[in-house]
Amino acid sequence: MTSAEIRQRFLNFFKERDHKVLPSSSLIPFGDPTLLFTSAGMVPFKPYFLGQAKPPHPRATTVQKVFRSSDIDVVGHDGHHLTFFEMLGNFSFGEYFKEKAIPYAYELLTKDFNLEKEQLWAGIHNDDDESYEIWKKTGIPDERIRRFGDEFNFWAAGPTGPCGPDSEVHYDWGEEHGCRMADCGPNCEHPGCDRFLEIWNLVFIQWDRDQAGHRTPLARKGIDTGMGLERITAVVNQQRRGVFETDLFRPLIEHWEKETGKPYGTQAEVDTSLRVMADHARGTTMLMADGVIPSNEGRGYVLRRLIRRAMVHGRRLGLKAHLSSGVPIVVRILGDIYPEVRKQAGQITDMVRSEEERFSIALRQGMERLQGLIDRKALTSEEVFYLHDTLGFPVELSAELAQEQGIAVDMTAVAALMQGQRERSRVATGLFTAPLAGRATRFIGYDQLEADAVVTDVFAVAGDPEQADVFLEETPFYAERGGQTADTGWLTWNGEKASVVDVQPQAEAIRHRVAVSTDRLKPGDRVRAVVDAPRRQAIARHHSATHLLHRALRDVLGEDASQAGSSVQPDYATFDFRFPRALTPDEVDRVFRLLNDKVRANLIRRVEELPLEQAIATGAVALFDEKYGDLVRVVSFGDWARELCGGTHVERTGEIGVALISNDRSIGAGIRRIEMRAGVAADRRVRDYERVLAELGETLRAGPSELPSRVATLQAEVKRLEKEIANVRQRLAAGGGAQLEEADVDGVRLFLQRVDAGERDLLTFADHALTRANGNGVAVVVGGRNFAVKVASPLADRLPANDLVQAFRHVAGGKGGGRGPVGQGGGIDPERVDEAFKSLQEYVRKHLNPPPRPSPTRGEGDR
């Protein structure tokens with residue numbers, strides 16, 4: 001049975017049982033800042049389980065795209081763990097509970113998927129007697145039902161929110177694959193036991209967990225089930241070695257088998273790398289299709305880490321193993337199910353290839369730096385972390401290469417440094433970890449910037465007693481969403497006033513970060529919520545300007561210029577768009593003129609709420625990574641720019657004033673970025689530029705129109721001087737003008753050369769000095785507190801550079817090491833260089849002419 005057949009059978013089964021089939025949501029959770037990625041099928045349904053919103057149907061079924069970054073380092077080491085996978089799920093929002101969820105699961109597995117009843121086991125929570133009785137009644141006997149604690153049979157989508165006990169369905173591959181211990185069963189912890197595989201998790205949603213771990217019963221209990229398509233496909237087809245044998249992975253495995261000539265299933269190390277490549281190709285492709293771009297923070301950091309880990313394993317397989325070559329195969333496998341993947345196939349391939357090229361450089365640089373560190377016969381955890389943090393050099397590769405040289409790396413210390421970095425990154429992303437509010441917030445800020453409101457919840461902010469997260473019944477504050485930054489302003493009550501410093505969506509609720517301690521504000525208090533009006537208007541100018549810019553780009557460049565993201569702030573906006581090349585100066589000018597023509601046209605803003613299909617049919621532009629309900633908000637400016645948008649805007653385009661745009665620049669393969677300033681921010685930029693031009697004109701004694709030629713003349717002069725300086729340095733390196741001392745030790749010529757402390761390439765000076773030794777010399781070059789040693793090749797075996805470095809630093813201090821004829825060090829005392837050089841002469845004299853070995857004592861046996 002193919003994976004496509006299994007996927008469709010699952011949906012049909014629940015559709016026939018009155019479940020509404022819903023499409024997969026994006027891998028980027030909408031309105032849920034507690035998660036980086038959609039990590040389970042129920043994530044899009046949190047508001048329904050919490051009672052914050054009404055579900056479109058009391059029963060639903062989906063095949064949800066899921067990504068779990070916590071499993072990245074595990075993937076490849078077995079046949080089951082994945083980063084990206086498809087979660088088959090059925091859901092009930094108060095309609096049914098365990099009494100139907102369990103029989104549904106059993107019926108689908110045994111009848112539609114034809115699994116043998118005797119191979120199915122159930123795991124339940126220790127306290128869940130109800131599930132125990134239902135499983136027995138349904139068909140699983142007592143001896144195949146096992147009880148576990150929270151570590152196995154309690155589930156939640158995140159640190160806070162809906163949760164409850166669960167019941168897992170496990171498939172038994174047979175005793176011959178197990179540990180043969182009497183207590184063997186699901187979740188067996190005996191070493192080497194590979195008998196059971198979890199295939200389906202039935203979660204009984206009944207509580208809302210807060211930040212402190214307290215569980216509040218939900219008004220209506222719900223069902224959330226999740227079954228990995230990849231695992232059930234392997235089980236249905238009896239592919240015991242795991243998901244990588246299924247039709248979802250086999251084409252990828254076969255591709256890299258052919259590319260590298262290394263077959264799957266023959267060597268453990270090869271199998272691991274092939275599995276990593278296959279999984280990471282899928283994860284990379286699907287993340288990029290949902291709008292994630294490689295970067296050094298947040299979701300982009302996870303994506304970059306995924307690509308680079310795949311490259312390390314590709315390197316182990318051979319030079320022909322490129323992750324980018326797997327993207328078209330992923331498109332072929334999943335493109336019909338997820339059209340966004342097929343639509344962006346070329347751009348995704350280009351982006352991955354660009355990351356590969358970029359990391360190849362980092363990989364070479366890292367190898368060079370790492371080798372220098374290994375040559376010292378020591379590698380600290382800080383150095384391993386530095387290579388990872390600055391060059392993206394994988395810590396596992398550093399440890400592996402060091403181990404080959406007999407050097408151990410403290411990976412526990414490295415892990416602690418990386419955890420600290422992750423914590424800093426988490427804070428930088430601004431992710432909230434406070435609990436979800438118990439009710440939805442009504443946004444009224446399109447029409448008013450001040451309102452009286454009732455406080456519904458107040459939560460403390462971890463680590464900051466002077467701030468609180470406040471929820472209101474209704475609010476004029478716009479929560480950060482769709483690229484538009486959050487409003488700021490004030491709450492006032494009973495003669496008190498506190499600043500609102502940030503506003504974030506939390507499912508259907510809106511969270512206000514307020515500069516107030518929790519003892520000053522409580523649920524039930526009435527407050528006056530006031531938005532900073534000038535700041536809101538500045539944001540609106542920039543947001544409306546991005547709509548005009550988007551349309552101008554499409555008019556000038558064609559429909560391929562589609563939005564990839566934006567950041568709308570009060571003093572600037574950035575607009576990211578997909579386009580395969582840089583814009584020409586003429587294209588930038590045309591976009592600028594068209595954009596500002598529409599500003600001056602003073603187009604009227606019109607807002608409509610329409611069914612999604614109707615809005616698209618009337619020409620409204622939708623963004624691929626946004627979540628839209630059945631009814632959408634459409635913002636139009638005249639009959640020209642028309643988009644689906646929930647943001648705030650000016651009433652007429654003339655309020656924008658003027659919009660200044662920069663030249664576009666690349667932020668990734670196939671992704672360009674334009675920066676823009678509008679209104680007061682544009683006026684300020686014009687005045688700043690005028691001031692700079694005036695200052696440059698005065699300094700260079702030239703008018704604005706003469707400045708380009710004047711600067712070009714100065715640049716030519718700088719190049720001439722740089723060339724002259726290079727010639728001087730070359731003469732110095734040859735010994736001309738530099739301090740060069742020489743000593744002769746039994747026919748070996750020793751040179752000491754002092755150069756400027758700023759010189760970096762000391763070995764070049766050493767090479768030049770040795771040209772005077774006719775193959776029989778040693779050169780020591782000192783630059784400030786650093787030094788280098790170079791030994792002529794004929795002497796390298798008798799006088800290893802590492803030994804000479806140690807002899808020199810024994811007197812001069814510092815650290816250093818060497819390999820073969822080359823050595824380097826640093827941290828020496830410049831005042832002791834002469835003494836160290838004399839010591840080096842004695843060391844050479846001693847080792848060139850070692851004392852004769854004493855004759856053996858004559859014994860009785862010599863007579």
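**Cavity, barrel and pocket**

The lining of the largest cavity comprises five nonpolar, two polar and one charged residues; here Ala, Val, Leu, Ile, Met, Phe, Trp, Tyr, Cys and Pro count as nonpolar, Asp, Glu, Lys and Arg as charged, and the others, Gly among them, as polar. This is a predicted model, in which local features need pLDDT of at least 70 and side-chain atom pairs count only at pLDDT 80 or more, while totals for chains, interfaces and linings use all residues. Residues are numbered from 1 along each chain as its sequence is written, and side-chain values use heavy atoms, with hydrogens and water left out.

The residues lining the largest cavity are M288, G291, V292, I293, Q344, M351, R578 and I671. On a 1 Å grid over the protein atoms alone, a cavity is a set of points where a 1.4 Å probe fits but cannot get out, whereas a pocket is an open set with protein on both sides within 12 Å along at least five of seven lines; lining residues have an atom within 4 Å of a point. The largest cavity holds about 40 Å³ of space.

Six strands form a closed barrel in the order β11-β12-β16-β15-β14-β17, with antiparallel pairing; strands (E, at least two residues) and helices (H or I, at least four) are DSSP runs numbered from the N terminus, and two strands pair if DSSP finds at least two bridges between them. Five bridges join β11 (residues 450-461) to β17 (residues 526-531) in the antiparallel sense, and A451 has A529 in β17 as its bridge partner.

The second largest pocket is lined by 45 residues, with H80, H81, L197, E198 and R231 nearest its centre. Strand β8 gives the largest share of this lining, seven residues.

Notes. Points joined across faces, edges and corners; volume = space filled by probe spheres on them.
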